[in-house]
Amino acid sequence: MELYLDCAATTKMSRRAIDAMLPYMEEVYGNPSSLYSKGQAAKEALEKARERVAACIGSTAREIYFTSGGSEADNQAIISAAANGAKKDKKHIISTAFEHHAVLHTLKKLEKQGYEVTYLPVGENGIVSVSDVENAIRSDTCLVTVMYANNEIGTIQPIREIGGVCRAKGVTFHTDAVQAAGHIPVDVVKDNIDMLSVSAHKFHGPKGVGALYVRQGVILNSLIEGGAQERGKRAGTENVAGIMGMTAALEDAVSEMDAAGKAIASSRDRLIAGLRSIPYSSLNGDEHKRLPGNVSFCFEGIEGESLLLMLDDLGISASSGSACTSGSLDPSHVLLAIGRVHEVAHGSLRLTTDRPLSDGEIAYTVNSVKGVVERLRAMSPLWHDLENGKRAHIFKEFEK
Ligand SMILES: *Cc1c(COP(=O)(O)O)cnc(C)c1O
């Protein structure tokens, strides 16, 4: 069986997204900044796309800026808010310990430039507390940035409430909604959001294209200098075909969200129930306040990396929450943030889907993971220590 269970990393492009792109590569290939009709046709499609994307998140077209993806949108939002804060002697930023690296590494860079960043803790359930945000806000706070839904453990944050607190205190609020947009309802007005990042390839659009929403009245600085594209806020000839693909994909995702979300969540819950039958396993993050397609587990006594390679041999593409895959021995900052100890954080597995799995696929996945975990444990000195009682188990609920 072939199963792609890594939709949080990227998704396959939808047929409709591909079809929406083709005319802008083959026929309407003019530069949107050119005055002749081939250019103006591209410009017209681009501006229509801006309206369509805006409609999907409850904003207006003039609040949408197209970018090269989620990372660029995060960088621009944060760097811009920081620079505009500094002009008013506000150099304090609030974020969380489990953001995406596009946010965390940008904040690290700002810290080196003299900004102070408060990284709020994350509860064991993978959810940030609204009152922690409220209590951390100071008179010199220029930005709060909290992700909408986490990319590793799928937990959904109380964004509307956090946005409300920030709005009441007059602090700019940015959210990385890359995992949320197209998967759960996002409304920038109801959610009190000032800036929001999305990325097309997480909802069946093309890679290398995204959008940044910036509420009217919030000042946005450019990150890339050059031509006057994107109302002077993002230079560079627009990725017209990519934007058309993203727009079609987002519209589809939003219109199918209700029905698809329910079916995917129900398949997710069956997968979770199956994996829980593996001894000394534990679900990462809140069972209910999570993305419909996210399942994330830790298993005692194994290494995530070998688990992934062995699952790949069984036809399953999955991911671990662990940064081991990128050659580092540090376990995932997300799992550490929710209080997983190092040895458990190393044994993590993330399975993310964009469709409901059939009963057969769920059974195949559960059996594959179960078999691989057993084989790895049989080879693991750590597991033998646990079995011999030389070490104490961490997930006590399995103790007889
Ligand atoms: C994928 C992802 C990003 C980065 O988006 P790109 O378009 O790949 O640059 C940022 N934040 C989160 C939460 C993501 O999942």
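**Salt bridges and a domain interface**

The side chains of Asp19 and Arg15 form a salt bridge, with N and O 3.3 Å apart.

Q: Is this an experimental or a predicted model?
A: The model is predicted.

Q: Where do Asp19 and Arg15 sit relative to one another?
A: Both belong to helix α1 (residues 15-21), and because they are four residues apart there, about one helical turn separates them.

Q: And is Arg15 buried or exposed?
A: Arg15 is exposed, at 54% relative accessible area. Asp19 is partly exposed, with a relative accessibility of 40%.

Q: What does Lys108 pair with?
A: Lys108 makes a salt bridge with Glu111, and their closest N and O atoms are 3.3 Å apart. The two residues are three apart in helix α5 (residues 101-112), about one turn of the helix. Lys108 is partly exposed at 42% relative accessibility, and Glu111 is partly exposed at 31%.

Q: What about Arg268: buried or exposed?
A: Arg268 counts as buried, with 7% relative accessibility. Its side chain meets that of Asp269 in a salt bridge of 2.9 Å, N to O. Asp269, in contrast, is partly exposed at 34%.

Q: Which residues are linked in a network of salt bridges?
A: Arg16, Arg52, Glu251 and Asp252 are linked in such a network.

Q: How many salt bridges does the structure hold?
A: The structure holds 22 salt bridges.

Q: Changing topic, what are the domains?
A: The domain assignment gives domain 1 (3-8 + 257-387) and domain 2 (15-253). Their centres, taken over C-alpha atoms, are 29 Å apart.

Q: How much area do domain 1 and domain 2 bury between them?
A: They bury about 2,000 Å², of which 59% is on carbon and sulfur atoms. On the side of domain 1, Met257, Leu291 and His333 supply 32% of the area buried against domain 2, more than any other three residues.

Q: How many residues are in contact?
A: In domain 1, 20 residues are in contact with 27 residues of domain 2.

Q: How many salt bridges are there between domain 1 and domain 2?
A: The count is zero.

Q: Which elements of domain 1 give two or more residues to the side that touches domain 2?
A: They are β10 (294-299) and α10 (333-337). Of the elements, α10 gives the most, with four residues.

Q: What is the make-up of that side by class?
A: The side of domain 1 that touches domain 2 has eight nonpolar, seven polar and five charged residues.

Terms used:
Residues numbered from 1 in each chain as written. Predicted model: local features only at pLDDT ≥ 70, side-chain atom pairs only at ≥ 80, totals over all residues. Heavy atoms only, no water. Domains from an automatic or database assignment. Contact = heavy atoms within 4.5 Å. Buried area = accessible area lost by both parts, 1.4 Å probe. Salt bridge = Lys/Arg side-chain N within 4 Å of Asp/Glu carboxyl O. Nonpolar A, V, L, I, M, F, W, Y, C, P; charged D, E, K, R; others polar. Buried < 20%, exposed > 50% of the residue type's maximum accessible area, 1.4 Å probe, protein only.
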